[in-house]
Structure formats: structure tokens, C-alpha cells
Amino acid sequence: MRIVFIGPPGAGKGTQADFIVETYKPAHLSTGDMLRAARDAGTEVGKEADKYMSAGQLVPDEVIVGIIAERLDEPDCQAGYLLDGFPRTIAQAEALDAMLAEKNTPLDVVLELRVAEEELFNRLAGRGRADDTPDVIRQRLVAYREQTEPLLKYYTEKNLLVTVDGLGTVEEVAARVKSELDIIAG
Ligand code: ADP
């Protein structure tokens, strides 16, 4: 399966991504993890990305699109993948569409994990990652609302969007995710 996983910061996307990877074994392409690894390794891309990440802003589209284009060519992506944290803007979604059209490998589903914004702020404030200070959290939520939420309409129009309610225990949410993906996996 080729899955795009969308959800605001704090929705529990990372936890559910791990569940999806364990259950369906797609390659896991987390752009947040890739950028943090590049930053920690001190590469040029990592240094550039850190300027944006530490401010809660999105890194420029061309940076992340380049990373994903290379990654999708790796052999482990042949059997399917979970795109976790990408695309995050309409420009990224269009770039992805172009890449996949060229490979003749359309997406199977875009899964949205939905949680109300008040709940998100509370969850994030209790987490303690370096980019989890209140101002940066607020900025990440704004970036989600302004730049990523438009993707929901974009993928609805392509008949790819499936929304799962992210409120409840990890197990409850995982069961909802599974029932949706089982339908698509067939
Ligand atoms: P979260 O979903 O908790 O905000 P992620 O781990 O997915 O965090 O991403 C952390 C940071 O990495 C983002 O705030 C952003 O700066 C950067 N980032 C990750 N994916 C993308 C992307 N597709 N486009 C631009 N920036 C990204």
C-alpha cells in the first residue's frame, strides 16, 4: 500500500505510524525523523532545515521534495510506503503527484488523523521535545492550519481522503486505523 498520513502535531501520528508499519510493513518515510537525523549529523541540509524546525516553521518545499524524491527511489519503497509528515503543503502534494505519475504508482489512500486544536496544545505542552516550547508549538499549529489543512480538500477531490478520529486510547485509535486500512488492503 502507498499511504499518505496527515495529522496535526500532537495528534498521535507517530504512535499510529508505528502501528501501521508493524501491521502492514510499508517502508516508513517520516520527514520529521529524516530532518532531525540530518540536523544531528550536521549535514548542510540538516543545518538549513534546523533554522526552520526550531522556529516551528516548515522547511522550504524544494528541500523536502528533493529528500523524498531520492527516498522513493530506494528499493524498500517498491512494496509500499507510509509517507509520514509529507506532503505538508499543496506545492509538495503537486510535486508528489508528478513523481508518482511518472512512476505510474498512484497513492492508495490519504489517512487523516483528526484531533481538535485545544486538545493538541495540551498534549504537546506535556511532551518535552526541543521544538515543544509554547511559542514553537503555537507556530507549528498555525503552520498546520494554514499550509497543511488545505490538503484535506485537495485529497477529498481526488477521492483519496479517509478521516479517523484521534480521540481515545492508543488501542481505540489503532483499531479505527486498522478497520480503514483493511478495507483498502482488501
Ligand atoms: P510534528 O508533526 O510534531 O510537528 P514532525 O516531526 O513531523 O513534527 O516535523 C518536525 C519539523 O520538521 C516541522 O515542524 C518542520 O519544520 C519540519 N518538517 C517535517 N516535514 C516537513 C515537510 N514535509 N515540509 C516542511 N517541513 C517539514
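Let's start with one side chain: Arg140 has a relative accessibility of 11%, so Arg140 counts as buried, the cut-off being under 20%. Keep in mind as you read that this is a predicted model.

**Around Arg140**

Where does Arg140 lie? Its place is in helix H7. A polar atom of the Arg140 side chain lies 2.5 Å from the backbone oxygen of Asp131. If you leave aside the neighbours within four places in sequence, Arg140 is in contact with Pro9, Gly56, Leu124, Arg127, Arg129, Asp131 and Asp132.

**The whole chain**

Now step back and look at the protein chain, which has nine helices and five strands. Its radius of gyration is 16 Å, close to the 16 Å that the globule rule gives for 186 residues, so the chain is as compact as a globular protein of that length. Read from the N terminus on, the elements run β-α-β-α-α-α-β-α-β-α-α-α-β-α. The C-alpha trace spans about 45 × 40 × 30 Å along its principal axes. Of the 186 residues in the protein chain, 42% are buried. Take the contacts between residues at least 6 apart in sequence: 74% of them join residues at least 24 apart.

Leu58 sits in the loop between helix H3 (44-53) and helix H4 (61-72). From C-alpha to C-alpha, Leu58 and Gln139 are 9.8 Å apart in space, while 81 residues separate them in sequence. Leaving aside neighbours within four places in sequence, the residues in contact with Leu58 are Tyr52, Arg88, Thr89, Ala143 and Gln147.

Next, find helix H8, which covers residues 150-157 and has Leu151, Leu152, Tyr154 and Tyr155 as its buried residues. Seen down the axis of H8, these buried residues fall within an arc of 160°, so they line one face of the helix.

What do the buried residues of H8 pack against? Their partners are strand S1 (2-6), helix H5 (90-103), strand S4 (109-114), helix H7 (134-148) and strand S5 (161-165). Just after H8 comes Asn159, which takes a positive phi of about 60°.

**A pair of rings**

Two of the buried residues of H8 are tyrosines, Tyr154 and Tyr155. Their values are set side by side here:

| Residue | Relative accessibility | State |
|---|---|---|
| Tyr154 | 14% | buried |
| Tyr155 | 0% | buried |

A pair of aromatic rings is described by the distance of the centres and the angle of the planes. The count for this model comes to one aromatic pair. The ring centres of Tyr154 and Tyr155 are 5.1 Å apart and the planes stand at 85°, so the pair is edge-to-face.

**Strand S5**

Finally, look at strand S5, one of the elements that the buried residues of H8 pack against. Which residues of S5 are on the covered face, and which are on the uncovered one? Val162 and Val164 make up the covered face, whereas Leu161, Thr163 and Asp165 belong to the uncovered face. S4 and S5 run parallel and are joined by five bridges.

Notes. Residues are numbered from 1 along each chain as its sequence is written. This is a predicted model: local features need pLDDT of at least 70, side-chain atom pairs count only at pLDDT 80 or more; totals for chains, interfaces and linings use all residues. Side-chain values use heavy atoms; hydrogens and water are left out. Buried means under 20% relative accessible area, exposed over 50%, partly exposed in between (1.4 Å probe, protein chains only). Helices (H or I, at least four residues) and strands (E, at least two) are DSSP runs, numbered from the N terminus. The arc is that of the directions from the helix axis to the C-beta atoms. Contact means heavy atoms within 4.5 Å. Two strands pair if DSSP finds at least two bridges between them. A polar contact is a pair of N or O atoms within 3.5 Å; within protein, one must be able to donate a hydrogen and the other to accept it, and residues adjacent in sequence count only if both atoms are side-chain atoms. Rings of Phe, Tyr and Trp (its six-membered ring) pair if their centres lie within 6.5 Å; planes under 30 degrees apart count as stacked, over 60 as edge-to-face and the rest as tilted. The radius of gyration is taken over C-alpha atoms; the globule rule is 2.2 Å times the number of residues to the power 0.38.
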